[in-house]
Amino acid sequence: MAEYTDAVHANVVHEHKDHAKEHLREKHLMLDPLPRGKMNEMVMESMTTTSWKFWVVFGILSAIVAGCLFYVWGYMISEGLGVTGKNRPSYWGLFLVNTVFWIGISHAGTFISAILRVFKAEFRRPFTRAAELMTTFGLVQAGFSVFMHLGRVWLAYWLIPYPNQRMLWPNTHSPLTWDLLAITTYLLSSTMYLFLPLIPDLAMARDRSTGWRKTFYKILALGFRGTEGEWTHLRNAMTIFAFAIIPVMFSVHTIVSWDFAAATRPGWNSTIFGPYFVVGALHSGMGAVVMVLAIVRGTMKNMKYFIRGEHFDAIAKLMLIISMAWAYFFFNDYMVQWYGGDKWTHQLLHFHEAGPMGWMWFAMLIFNIAIPWAVLWNQKWRSTPWIVFAVGLLINVGMYLERYIIVPVSLSINRMPFTWRLYYPRVEILLGIGTLALFIWLYMAASRLIPLIPVWEVEEGQMAHELKKFGRETVVSVSELE
Amino acid sequence: MIRPEEIKLSADQSGKWGMVIDQDICTGCQACVAACAMENNISFVGEADSGYGRSMHWIRIERFWEGEYPEIKMTPNQPMLCQQCGSATCEPVCPAFATVHSQAEQLNVQVYNRCVGTRYCANNCPYQVRSFNWRDYKRPEPLPNQFNPDVTVRRRGIMEKCTFCIQRIHKAQDKAKSEAREVLDGEFTTACAQACPADAIVFGRVDDPESLVSQLAHRNHGVKHLEELGTLPNVTYFKGG
């Protein structure tokens with residue numbers, strides 16, 4: 001805006017000011033309000049406009065889910081886990097890697113939605129829903145992966161504390177029992193947290209649709225009419241959930257990390273695993289959010305209005321900070337373990353870097369640290385969707401490798417050198433692809449059924465934002481609505 | 001409904017069982033491995049899966065070589081089996097209570113029909129002596145005619161491990177009880193100890209100071225593996241005596 005301060009002519013100044021305003025409107029969603037009702041129409045249109053390409057991809061994904069997930073899983077249940085690549089030292093393989101990975105993906109949803117809501121970060125408004133959907137669908141995949149892992153999955157209900165005649169309860173000493181309870185709590189609370197802000201949008205969709213959609217939204221909207229009392233109740237509920245779900249989110253990945261940290265194994269028995277895993281989860285989760293946003297923006301109608309460069313810029317800044325935090329925890333964990341002097345830990349750390357899977361270790365560091373640090377410092381690159389998408393993808397690959405190094409690579413080395421053996425996944429790969437396909441399938445189905453953009457939240461933000469003049473500068477200000 | 005505190009242990013049912021293994025006289029003949037597999041109905045895994053690290057033997061003979069070729073020195077044979085830890089790391093991590101400590105025999109027992117197959121116990125075992133039923137393995141003829149009726153046959157998806165031949169312990173205890181006496185030292189032994197041609201494996205009551213096993217165990221040069229982890233193993237090894 002420096003160019004117009006030097007201008008002499010009043011007209012020129014005025015014209016340039018309009019230019020500056022236009023520029024701000026283009027850049028910021030919050031300063032670019034539309035006529036009343038227009039946004040609702042755009043969101044409805046994005047839901048109902050489905051091209052043939054959607055159905056082709058949807059069909060392919062359905063086939064992958066049926067083949068790779070359900071058929072292969074059925075085959076694995078009937079044959080036993082011998083069809084996987086697991087063996088004596090690597091009793092846990094890709095299924096646990098996938099579980100940790102999907103729980104990590106699910107963390108970004110809550111992080112963006114709840115933490116940014118609590119801190120009133122305005123850029124969150126258009127994509128809270130897209131992130132919350134990731135939480136719920138990611139947890140579904142984590143659940144699938146952990147059940148695949150069981151040797152006798154048909155008896156999995158024994159892990160649930162239910163009253164029974166023999167007074168047999170789950171073992172509360174076991175981190176896996178905590179895990180099950182934590183994941184269930186997180187799934188239930190994140191689903192409710194997804195549903196609450198959805199109610200006004202469902203009511204909006206109900207009023208603007210006909211046929212089966214009308215019935216569908218009518219049931220889900222729970223008779224929401226938008227009275228002052230309803231809004232007050234909804235706001236209170238959302239505030240309570242936003243605060244309450246944050247400790248749940250931290251506890252889930254901490255407890256997942258305890259599956260490893262509570263074991264007496266070299267490399268696993270580390271006190272820093274709790275926060276290290278939480279930061280790692282956010283790292284992969286943020287990467288996944290930008291990937292989803294880039295795809296939604298590129299493929300769905302009217303989304304270029306809602307999701308703009310500023311949003312990629314804001315999330316990419318968070319990605320950069322989280323990458324730094326992850327590097328800090330990684331270094332801390334590595335250094336303290338190395339100086340601990342335990343010979344088995346030394347052996348394991350050496351195996352990580354210089355063993356046959358050493359390329360993974362270096363790839364992890366490049367994807368998780370080097371690439372985000374090299375790319376995300378530049379605002380222009382941060383605002384370009386495809387660049388942020390690529391960085392997010394690489395971060396997810398890096399975080400997947402990190403979990404792979406922690407689970408099967410660390411398991412191949414133990415205190416009994418006679419049993420050392422490498423692990424090579426077999427059908428786990430197909431099942432992993434199956435969970436990925438199911439995640440995308442659920443997301444695509446949801447994008448046709450529920451409004452991906454929280455319209456009320458965007459409109460509320462736009463009402464609260466205004467341009468104020470301080471001297472000759474035009475400044476964006478936010479008024480407190482709540 | 002029986003509550004745990006109502007279970008009364010009679011004196012003749014309790015006891016702390018232990019083992020001594022002399023690596024200096026072990027010839028590595030693997031007779032213990034074969035005897036154990038026959039006694040405990042261990043699955044016949046086959047060559048392919050065994051080669052992939054899925055052999056299910058409850059006892060294995062470990063041997064290493066030290067130094068660089070051609071100056072190689074073989075280490076003594078080391079039979080490795082469940083150490084029946086007093087403070088076992090496998091027990092607290094099982095979410096289903098399938099891996100528990102028995103009050104009566106002071107052993108770690110695996111409840112096969114309670115196991116759901118999370119395999120956490122096997123990860124957490126520092127001795128890596130637990131074996132998992134990766135498949136329902138077929139037994140080639142004539143092995144199906146050779147089953148021990150005292151031992152459960154396990155199906156796929158279940159963890160299993162050495163039990164110190166708990167079926168033999170119970171049989172001896174029942175016999176002694178019917179004759180109104182204590183179990184005598186050396187009256188019975190485990191399958192591996194029975195099959196050992198060199199008598200390198202000795203089994204018995206370690207809480208009885210008169211028994212052969214506790215006298216051997218208190219000799220000076222016995223070591224317990226990975227004792228520094230605080231697992232309180234019940235198997236003592238002799239090497240270089």
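**Entry 1: chain B overall**

I began by counting elements, and chain B has seven helices and 12 strands. For both kinds I took DSSP runs numbered from the N terminus, helices being H or I with at least four residues and strands E with at least two. The radius of gyration of chain B is 18 Å, close to the 18 Å that the globule rule gives for 241 residues, so chain B is as compact as a globular protein of that length. That radius is taken over C-alpha atoms, and the rule is 2.2 Å times the number of residues to the power 0.38.

A note to myself on the source: this is a predicted model, where local features need pLDDT of at least 70 and side-chain atom pairs count only at pLDDT 80 or more, while totals for chains, interfaces and linings use all residues. Residues are numbered from 1 along each chain as its sequence is written, and chains are lettered from A and ligands numbered from 1 in the order in which they are written.

Along its principal axes, the C-alpha trace of chain B spans about 65 × 45 × 40 Å. Buried residues make up 41% of its 241 residues. Here I call a residue buried if 20 or more other C-beta atoms lie within 10 Å of its own, exposed if 12 or fewer, and partly exposed in between, with C-beta atoms placed from the backbone.

**Entry 2: chain A overall**

I then turned to chain A, which has 19 helices and two strands. A compact globule of 482 residues would have a radius of gyration near 23 Å, and the 25 Å of chain A agrees with that. The C-alpha trace of chain A spans about 85 × 55 × 40 Å along its principal axes, and 43% of the residues of chain A count as buried.

**Entry 3: where the chains meet**

How many residues does each chain bring to the contact? I found 35 from chain B and 36 from chain A, where contact is C-beta atoms, placed from the backbone, within 7 Å. On the side of chain B that touches chain A, the elements giving two or more residues are α2 (47–54), α3 (90–93) and α4 (120–124) of chain B. The residues of that side divide into 19 nonpolar, nine polar and seven charged. Nonpolar covers Ala, Val, Leu, Ile, Met, Phe, Trp, Tyr, Cys and Pro; charged covers Asp, Glu, Lys and Arg; the others, Gly among them, are polar.

I looked up Tyr120(B), which sits in helix α4 of chain B. Tyr120(B) counts as buried, because 24 C-beta neighbours lie inside 10 Å. Not counting residues up to four places away in sequence, Tyr120(B) touches Leu176(A), Val93(B) and Cys94(B).

**Entry 4: the core**

The largest nonpolar core holds 175 residues, and those touching the most other members are Ala108(A), Met134(A), Val289(A), Val290(A) and Ile201(B). Such a core is a set of buried Ala, Val, Leu, Ile, Met, Phe, Trp, Tyr and Cys residues joined through C-beta atoms within 7 Å. Helix α11 (residues 273–299) of chain A gives the most to this core, with 15 residues. Leaving aside neighbours within four places in sequence, Val289(A) is in contact with Ala108(A), Ile112(A), Ala131(A), Met134(A) and Ile315(A).

**Entry 5: a sheet and a helix in chain B**

Four strands of chain B form an open sheet of mixed pairing, in the order β10-β1-β12-β11. I count strands as paired if DSSP finds at least two bridges between them. The edge strands are β10 and β11 (222–223) of chain B, each pairing on one side only. Strand β1 (residues 17–22) of chain B runs antiparallel to β10(B), joined by five bridges. Ile21(B) stands opposite Ile201(B) in β10(B).

In helix α1 (residues 31–39) of chain B, the buried residues are Cys32(B), Val33(B), Cys36(B), Ala37(B) and Glu39(B). Seen down the axis of α1(B), they fall within an arc of 165 degrees, taken from the directions from the helix axis to the C-beta atoms, so they line one face of the helix. Their cover includes β2 (59–62), β5 (78–81), α6 (191–195) and β10 (201–205) of chain B.

Which peptide bonds are cis? I noted Tyr69(B) to Pro70(B), with omega near 5 degrees, and Glu141(B) to Pro142(B), with omega about 0 degrees. Pro70(B) lies in the loop between β3 (65–66) and β4 (73–74) of chain B.

Leu226(B), not a glycine, has a positive phi of about 50 degrees. Leu226(B) is partly exposed, with 17 C-beta neighbours inside 10 Å.

Technical notes. Contact = placed C-beta atoms within 7 Å.
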